[in-house]
Amino acid sequence: MKINAKKLIVPLCLAIVIAGCLVWIALQNSCGKDGNAAEVRVSDRVILRLPLDRDTKKEINGANGIRLTVVTHEGGVYVESSGCPDKICVNKGKITSVGDTIVCLPARTVIEVV
Ligand SMILES: [Zn+2]
């Protein structure tokens, strides 16, 4: 029994390593995936869709008369400046992965990588 157990350890370890790699690859593909566009929503309405493969700068009219400057740069998107009082959206910085969002509550604006 002892000899059999030792012989089993090597293939078992290999199987665990391979399974681990497969899980890691699957996770890399589903989460953390780089997006190809940024969707800008104001009050739950999509008002703009910016491709992330091009560098652009757009002025957005958010709710409550707040204006935001949204910039796409090197595959990511960020709020360069905003008229909101808290500046949480500006401080969030650049987002690049699918599902990442920048939220500006005062302007009721959501920017999501898709
Ligand atoms: Zn804001």
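Visitor: How far apart do the C-alpha centres of domain 1 and domain 2 lie?
Guide: They lie 43 Å apart. Keep in mind that this is a predicted model.

Visitor: What makes up domain 1 and domain 2?
Guide: The domain assignment gives residues 1-30 to domain 1 and residues 37-113 to domain 2.

Visitor: Which elements does the chain have, and in what order?
Guide: There are two helices and seven strands. From the N terminus on, they run α-β-β-β-β-β-α-β-β.

Visitor: Why is the chain called more spread out than a compact globule?
Guide: Set its radius of gyration against the globule rule. The rule gives 13 Å for 114 residues, and the chain has 22 Å, which is well over that, so it is more spread out than a compact globule. The box tells its own story: the C-alpha atoms fill roughly 75 × 25 × 20 Å along the principal axes.

Visitor: How many of the residues are buried?
Guide: Buried residues make up 18% of the 114 in the chain. The cut-off is 20 or more other C-beta atoms within 10 Å.

Visitor: Pro11 is in which helix?
Guide: Pro11 lies in helix α1, residues 2-30.

Visitor: What about Gly20, buried or exposed?
Guide: Gly20 is also placed in helix α1. It has 10 other C-beta atoms within 10 Å, so Gly20 is exposed. From Gly20 to Lys7 is 13 residues in sequence and 21 Å in space, C-alpha to C-alpha.

Visitor: Now the sheets. What is the strand order in the open sheet of three strands?
Guide: The order is β3-β4-β5, and the pairing is antiparallel.

Visitor: Why do β3 and β5 stand at the edges?
Guide: Look at their partners. β3 (56-61) and β5 (76-82) have a single partner strand each, so one side of each is left without a neighbour in the sheet. Neighbouring strands here are turned by 25° against each other on average, direction ignored.

Visitor: How do you know that β3 pairs with β4?
Guide: Pairing needs at least two bridges. Six bridges join β3 to β4 (residues 67-73), and the two run antiparallel. Asn61 stands opposite Arg67 in β4.

Visitor: What joins β4 to β5?
Guide: Six bridges, again antiparallel. Thr72 stands opposite Val77 in β5. The two strands form a hairpin with two residues between them, and Glu74 in the turn has a positive phi of about 45°.

Visitor: Which strands form the open sheet of four?
Guide: The order is β2-β1-β7-β6, with antiparallel pairing.

Visitor: What makes β2 and β6 edge strands?
Guide: β2 (45-51) and β6 (101-104) each pair on one side only. The twist averages 15° from one strand to the next.

Visitor: How do you know that β6 and β7 pair?
Guide: Use the cut-off of at least two bridges again. β6 and β7 (residues 109-113) have four, in the antiparallel sense. Thr101 stands opposite Glu112 in β7.

Definitions and conventions: Residues are numbered from 1 along each chain as its sequence is written. This is a predicted model: local features need pLDDT of at least 70, side-chain atom pairs count only at pLDDT 80 or more; totals for chains, interfaces and linings use all residues. Axes are lines fitted to C-alpha atoms, for helices over the stretch in contact, and angles run from 0 to 180 degrees between N-to-C directions. Domain bounds come from an automatic or database domain assignment. The radius of gyration is taken over C-alpha atoms; the globule rule is 2.2 Å times the number of residues to the power 0.38. A residue is buried if 20 or more other C-beta atoms lie within 10 Å of its own, exposed if 12 or fewer, and partly exposed in between; C-beta atoms are placed from the backbone.
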